[in-house]
Amino acid sequence: MKKLAIVLSFGLLCGISAFAQTIQVTPGSTRTFTVNLLNGVTLHPSTPYTWTTSGAGIVSANPSNNTISISFSNTIGSTAHIEVYATSSDNCKSDLKQMDLTVQPLTYGASFAQASQDVCPQTTGNPTGGHPANVVINFTGGNVNSFVYVLDGVSTTVTLPSPATTYTLNLSSITYTNAQAGAHTLEIVSVTGGSITSLLPNGSVVHTINVDTAPVISDIF
């Protein structure tokens with residue numbers, strides 16, 4: 001499975017925390033956080049990203065380029081703080097991105113009604129193909145306001161029309177071709193209800209879109 005970019009939602013969660021949002025992480029868990037470069041600037045060759053962590057909730061932290069793997073304490077109520085900035089090849093620093101977390105059992109959870117689906121790619125012989133079917137997501141812990149999912153490393157925040165315990169995710173705008181045959185991972189990384197955001201364990205809520213390979217034939221001769 002690809003290492004998923006949980007912090008394409010990083011800015012969202014940081015913004016939420018400014019409004020007394022509680023961001024929960026599972027006690028004793030280890031998870032990977034990621035930031036992505038959005039404007040194509042050439043980064044510093046030796047120090048492209050600078051990570052800083054603090055708080056009794058963190059047992060160990062291992063940064064690697066634009067990701068950091070953090071192991072959290074088993075102590076309920078302990079807290080953690082993460083900061084990161086990028087540096088360009090001209091030594092210009094980006095805005096600081098940060099996140100405050102609390103170690104405690106998660107309030108919210110999620111599951112897919114189906115673990116996977118198969119999709120035939122779009123071809124000229126199948127011009128309407130390549131679109132995954134919509135997927136149903138069920139939530140636990142109460143009514144949910146929003147959630148963040150990552151598909152093939154790209155993060156999307158979905159706000160429900162009204163708080164609910166289930167949601168149908170429309171995937172009709174996605175089109176896969178034969179060149180994209182293989183497994184595509186759709187993962188829910190966080191669920192928010194009221195003022196609480198639960199960060200789900202890495203890889204715990206996954207729906208796999210298996211894009212089949214269509215035949216490739218020669219020209220008529």
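Begin by selecting Phe-139, Phe-147, Tyr-149 and Tyr-167, which ring pairs link into a cluster. Rings of Phe, Tyr and Trp (its six-membered ring) pair if their centres lie within 6.5 Å; planes under 30 degrees apart count as stacked, over 60 as edge-to-face and the rest as tilted. The model is predicted, with local features requiring pLDDT of at least 70 and side-chain atom pairs pLDDT 80 or more, whereas totals for chains, interfaces and linings use all residues. Residues are numbered from 1 along each chain as its sequence is written, and side-chain values use heavy atoms, without hydrogens and water.

Select next Phe-33 and Phe-72, an edge-to-face pair with 6.3 Å centre to centre and 75° between the planes. Phe-33 belongs to strand E2 (residues 30–34) and Phe-72 to strand E5 (residues 67–72), so that distant parts of the chain, 39 residues apart, are linked; strands (E, at least two residues) are DSSP runs, numbered from the N terminus. Phe-33 is buried at 0% relative accessibility, and Phe-72 is buried at 3%; buried means under 20% relative accessible area (1.4 Å probe, protein chains only).

Return now to the cluster. Phe-147 and Tyr-167 form an edge-to-face pair, with 5.7 Å centre to centre and 65° between the planes. Because Phe-147 lies in strand E11 (residues 144–151) and Tyr-167 in strand E13 (residues 166–169), the pair ties together parts 20 residues apart in sequence. Phe-147 is buried, with a relative accessible area of 0%.

Finally, select Arg-31, which lies over the face of Phe-33 at 5.4 Å from the ring centre. For Arg, this requires CZ within 6 Å of the ring centre and within 35 degrees of the ring normal.

Note on methods:
Helices (H or I, at least four residues) and strands (E, at least two) are DSSP runs, numbered from the N terminus. Buried means under 20% relative accessible area, exposed over 50%, partly exposed in between (1.4 Å probe, protein chains only).
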